[in-house]
Amino acid sequence: MFAGVVHSASAVEGTVLWNNPKCGVNVIATDGGYTFNQQVSAGELTAGDTLEGPLNVAEKTQNFANVTTGKKLMMWVGRYSTSKKIILERIPPSCRTDELANLN
């Protein structure tokens with residue numbers, strides 16, 4: 001279904017735990033940890049969506065597939081960690097929402 005999009009040795013699947021479309025930031029959970037991401041391309045992204053791509057490669061902008069919607073998007077993975085607390089600390093105060101408090 002997504003042949004040629006992001007299938008590579010570094011492809012990781014994750015679930016969007018939280019996002020703020022106004023700020024373009026989100027938190028994604030993978031089997032190995034969590035990521036803080038900044039969306040850099042258009043494309044709808046909501047909590048519960050499944051993404052596939054190099055979610056464990058921080059400090060890079062890369063292509064991802066939204067498996068839930070079948071669309072592609074680009075994101076900058078700002079941080080990858082096994083600690084959810086470390087990831088949540090990366091979210092700028094101006095982007096925090098009430099829903100984010102439920103992730104602690």
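Mentor: Of the 104 residues of the chain, 40% count as buried. The model is predicted, so local features need pLDDT of at least 70 and side-chain atom pairs pLDDT 80 or more, while totals for chains, interfaces and linings use all residues. Residues are numbered from 1 along each chain as its sequence is written, and side-chain values use heavy atoms, with hydrogens and water left out.

Trainee: Why is T30 called buried?
Mentor: Buried means under 20% relative accessible area, exposed over 50%, and partly exposed in between, with a 1.4 Å probe and protein chains only. T30 has 13% relative accessibility, so T30 counts as buried.

Trainee: Where does T30 lie, and which residues does T30 touch?
Mentor: T30 belongs to strand β2, residues 25–30; strands are DSSP runs of E with at least two residues, helices are runs of H or I with at least four, and both are numbered from the N terminus. Leaving aside residues up to four places away in sequence, T30 touches V12, E13, G14, L55 and Y80, where contact means heavy atoms within 4.5 Å.

Trainee: What makes the link of C23 and C95 a disulfide?
Mentor: A disulfide is a pair of cysteine sulfur atoms within 2.5 Å. The S to S distance of C23 and C95 is 2.2 Å, and a search of the whole structure finds one disulfide. The pair links distant parts of the chain, 72 residues apart: C23 is in the loop between β1 (12–20) and β2, and C95 is in the loop between α1 (84–89) and α2 (98–101). With -100° about the S-S bond, the link is left-handed.

Trainee: Are C23 and C95 buried or partly exposed?
Mentor: C23 has 23% relative accessibility, so C23 counts as partly exposed. C95 is at 6% and therefore counts as buried.

Trainee: What is the order of the elements from the N terminus on?
Mentor: The elements run β-β-β-β-β-β-α-α, that is, two helices and six strands.

Trainee: Why is the chain called as compact as a globular protein of that length?
Mentor: The radius of gyration is taken over C-alpha atoms, and the globule rule is 2.2 Å times the number of residues to the power 0.38. The rule gives 13 Å for 104 residues and the chain has 12 Å, which is close, so the chain is as compact as a globular protein of that length. The C-alpha atoms fill a box of roughly 35 × 25 × 20 Å along the principal axes.
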